[in-house]
Amino acid sequence: MIALLGFDLAHSEAAPWLLLAPLCLFAGMYAMRQSDLARRRLVSARLESSLLPGHSTGLSRWRVILAGASALFMGLALLGPVRGFSLREVERKGVDIVLCVDTSRSMLVKDLDGEVSRLELARRQILLLLDALDGDRAALLAFSGDVREVAPLTRDKNALRWFLSSMGPEDNRRGGTDLGLALEHALELFDGRTGAHEAIVLLTDGEDLEGRGLDLAYEAGRRGIQVYVVGMGSEAGGKIPDGQGGFVKDARGQEVVSKLDGTTLEAIAAATGGVYLNARTPLALERIHQLHIAQLEGRAYQHGKEKIPHDRFQWPLALALLCMLVEVGLRDRKPNPQGAGADDSGSYRA
């Protein structure tokens with residue numbers, strides 16, 4: 001926060017509103033100038049006191065000044081001045097989430113959207129999840145036939161976004177898909193005390209070529225850790241790009257079609273008490289977080305006291321209202337003594 005005259009400003013970005021004060025003064029002085037010119041065209045200076053009794057340029061000038069002061073004080077109120085603070089006990093809690101992203105070449109199939117790959121849709125799902133995390137830690141694993149720890153458990157969302165953008169099949173050391181190895185590595189990232197504040201999220205097309213996924217799912221369930229799965233793909237499937245403008249072929253020269261194995265993925269989630277959703281479900285991963293992961297018991301990661309600043313915006317706001325009331329109460333004409341400037345018949349003397 002920026003300091004000003006002994007006050008800290010909570011909303012210094014509102015400083016441009018202070019420009020309203022000089023604008024009001026300029027507009028007011030311009031209006032007064034135009035009014036004076038119009039009056040001079042109608043009444044000569046010699047006859048002004050008799051034809052326009054009680055008119056006061058000074059009162060008009062004061063109204064302009066008060067309007068500018070009111071705008072200035074309102075701008076100061078918008079800056080959010082604070083002075084002094086009180087201490088409040090706080091305790092922050094969070095959940096540990098390991099995001100396991102399948103980066104096998106089958107994740108390059110475009111059978112869900114038609115324009116982007118399964119892997120790109122998985123990235124988008126995770127980006128929405130990161131925006132929803134509040135105090136939770138997340139780790140990022142990329143897996144195919146091997147597993148790579150892309151990012152450890154961290155609350156640094158920007159780092160996770162950067163690492164997420166760089167993940168791809170080109171970094172795989174082994175082909176295929178080993179769900180069991182991904183789950184095994186994810187379990188190693190937890191401290192093993194309790195699964196009440198831990199969760200694993202698996203984003204994959206479900207082709208568990210090694211067949212170990214369900215066994216590790218039972219191990220996660222034994223430790224009380226739930227696995228939530230988002231199936232990236234369709235049952236109809238699609239051809240796998242080979243990176244050279246064609247498609248991957250099998251030993252017989254036939255183009256390989258990768259299909260979603262939803263049955264395996266649903267069984268893995270059910271073994272841990274987790275949930276399985278297909279990526280076609282709108283906001284699938286965000287829904288899993290909101291309805292399930294966010295409801296887990298978070299682990300306390302910060303104790304202490306935080307400063308609660310005392311707002312003082314009421315002070316300039318009260319001055320602004322006072323200036324507005326005084327300005328409204330002023331008139332451009334002085335009150336004349338009753339009958340001043342008039343003869344006994346009630347008509348003005350020339």
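The questions below set values computed from a predicted model against the rules that name them. Local features need pLDDT of at least 70 and side-chain atom pairs count only at pLDDT 80 or more, while totals for chains, interfaces and linings use all residues. Residues are numbered from 1 along each chain as its sequence is written, and side-chain values use heavy atoms, with hydrogens and water left out.

Q: Why is the contact between Arg173 and Asp146 called a salt bridge?
A: A salt bridge is a side-chain nitrogen of Lys or Arg within 4 Å of a carboxyl oxygen of Asp or Glu. The closest N and O atoms of Arg173 and Asp146 are 3.4 Å apart, so the pair meets the rule. By this rule the count comes to 13 salt bridges.

Q: What does the pair of Arg173 and Asp146 tie together?
A: Arg173 lies in the loop between α5 (157-165) and α6 (179-188), and Asp146 in the loop between β5 and β6, so the pair ties together parts that are 27 residues apart in sequence. Helices (H or I, at least four residues) and strands (E, at least two) are DSSP runs, numbered from the N terminus.

Q: How do you know whether Arg173 and Asp146 are buried or exposed?
A: Buried means under 20% relative accessible area, exposed over 50%, and partly exposed in between (1.4 Å probe, protein chains only). Arg173 has 60% and is therefore exposed, whereas Asp146 has 7% and is therefore buried.

Q: Why are Arg222 and Glu219 separated by about one helical turn?
A: They are 3 residues apart in helix α7, which accounts for that spacing. Arg222 is exposed at 59% and Glu219 partly exposed at 29%.

Q: What makes the aromatic pair of Trp162 and Phe163 edge-to-face?
A: Rings of Phe, Tyr and Trp (its six-membered ring) pair if their centres lie within 6.5 Å; planes under 30 degrees apart count as stacked, over 60 as edge-to-face and the rest as tilted. Here the centres are 5.2 Å apart and the planes stand at 80°, hence the label edge-to-face. The structure holds 1 aromatic pair. Trp162, at 57%, is exposed, and Phe163, at 28%, is partly exposed.

Q: How do you know that Lys239 lies over the face of Phe247?
A: A charge sits over a ring if NZ of Lys or CZ of Arg is within 6 Å of the ring centre and within 35 degrees of the ring normal. Lys239 is at 5.6 Å from the ring centre of Phe247 and lies over its face.

Q: Why are β5 and β6 said to pair?
A: Two strands pair if DSSP finds at least two bridges between them. Strand β5 (residues 137-143) and strand β6 (residues 147-154) have 5 bridges and run in the antiparallel sense. A hairpin joins β5 to β6 through 3 residues, and Leu141 stands opposite Glu149 in β6.
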